[in-house]
Amino acid sequence: MTENTTHRTPRHTTRIVLAERPYGAPTAATFRTEDAELPAPADGELLVGHRYVSLDPYMRGRMSAGKSYAAPTPVGDVLPAETVSEVLESRHPDFAPGQLVVAYGGWQSAAVVPGAHARAVPENGLPASTALGVLGMPGFTAYAGLAEIGRVRAGETLVVAAAAGPVGATVGQLARAAGARAVGVAGGPEKCAYLIDELGFDAAVDHRSRDFAARLAAACPDGVDVYWENVGGRVLEAVLPLMNLYGRLPVCGLVSQYNADGGAEGPDRLPGLMRTVLNRSLTIRGFIQTEFRARHWDAFQREMAALVGDGTVKFREDVVDGLGNAPQAFIGLLEGRNHGKLLIRV
Ligand code: NDP
């Protein structure tokens, strides 16, 4: 805590830091709220005030110390997040006060960020918040992962889990637009109805239903050509026997495992997995979306804005008001309590 916090100067920030590393699911003790005064921006930097903070499943990985594709957040540091923010002070020639930018601003109300890592919110007639969802990182993940790995074709069947979230919903709708059959897996009847009635999926299956595997098989009478892996666990187990020859499995996320610090329990199913990979000539390919940025980002921005604009791709946001509600909202994200792209309105 430093001076001036009571006066809320433009450089004041309320921030949520990692108080301790969670073991298993995060709890209230994982997070701590602090007030601080930010430094003046140096050359090349921006002072930004956040409008929206994006909450995404990958943040659970940053809370743990284990080896991953990105470094863990140090205990005591602000939790990382992309934000839609207003430029308050600019010392970078590309940005001016009042402009809206996407920045890596973290779980807080304001930040000083390098201008080189910020980008202007595109003027495409859509709400600025979409720059964190369907027209941002999650939408891009769907677009690039399908183009590079899924490569779904007309007449094929694609199954996607966490289908009501920003990645899964976009994957399913792009598959439909390509002429494929889209089958969504989601938690609960409300999300399943949404997939069919609002997004036009061909079928939706509730992964919490007792006879989930049988229902999924019934929804895929011609087998599965692309399984878009977002969750792992029992959804993967149910899909594997349905995979067709030359099937593709983009491994995008394993959200059912993110809280499993002690390792997943149960029998070793690896030999069965490898047998299926061999017998059906499957391609399993993990990816992190940043790998495809240089090749696909510009085309994604153009094409997705057009697809959203003409209603081919619909999106849903789950907006929670107030930074103080971010910890509970994030805990809920890993339990499926969100419905749509989870955002904190600051
Ligand atoms: P979502 O908004 O879809 O949120 C996660 C969803 O996962 C929950 O709403 C819940 O939906 C589902 N879920 C949680 N626990 C389980 C479980 N035990 N079994 C089945 N489903 C579960 O998130 P996103 O769309 O932002 O992300 C989807 C996936 O994509 C995540 O795995 C994420 O890590 C990954 N990702 C990967 C990227 C990459 O570069 N590789 C980039 C961006 C995201 P429901 O209620 O339907 O079960």
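Which residues does Leu38 touch, not counting residues up to four places away in sequence? They are Arg11, Thr13, Leu47, Ala110, Ala111 and Val112, where contact means heavy atoms within 4.5 Å. This is a predicted model, in which local features need pLDDT of at least 70 and side-chain atom pairs count only at pLDDT 80 or more, while totals for chains, interfaces and linings use all residues. Residues are numbered from 1 along each chain as its sequence is written, and side-chain values use heavy atoms, with hydrogens and water left out.

**Leu38**
- Leu38 lies in the loop between strand E2 (31–37) and strand E3 (45–54); strands are DSSP runs (E, at least two residues), numbered from the N terminus.
- Leu38 counts as buried because its relative accessibility is 12%, the limit being under 20% relative accessible area with a 1.4 Å probe, protein chains only.
- From Leu38 to Gly200 the C-alpha distance is 47 Å, with a sequence separation of 162 residues.

**Domains**
- The protein is split into domain 1 (12–126 + 315–345) and domain 2 (137–289), with bounds from an automatic or database domain assignment.
- The centres of domain 1 and domain 2, taken over C-alpha atoms, are 29 Å apart.

**Interface**
- In the contact between the domains, 21 residues of domain 1 meet 14 residues of domain 2.
- Domain 1 and domain 2 bury about 1400 Å² between them, 56% of it on carbon and sulfur atoms; buried area is the accessible area (1.4 Å probe) that two parts lose on being put together, summed over both.

Notes
Helix = DSSP H or I, 4+ residues; strand = E, 2+ residues; numbered from the N terminus. Buried < 20%, exposed > 50% of the residue type's maximum accessible area, 1.4 Å probe, protein only.
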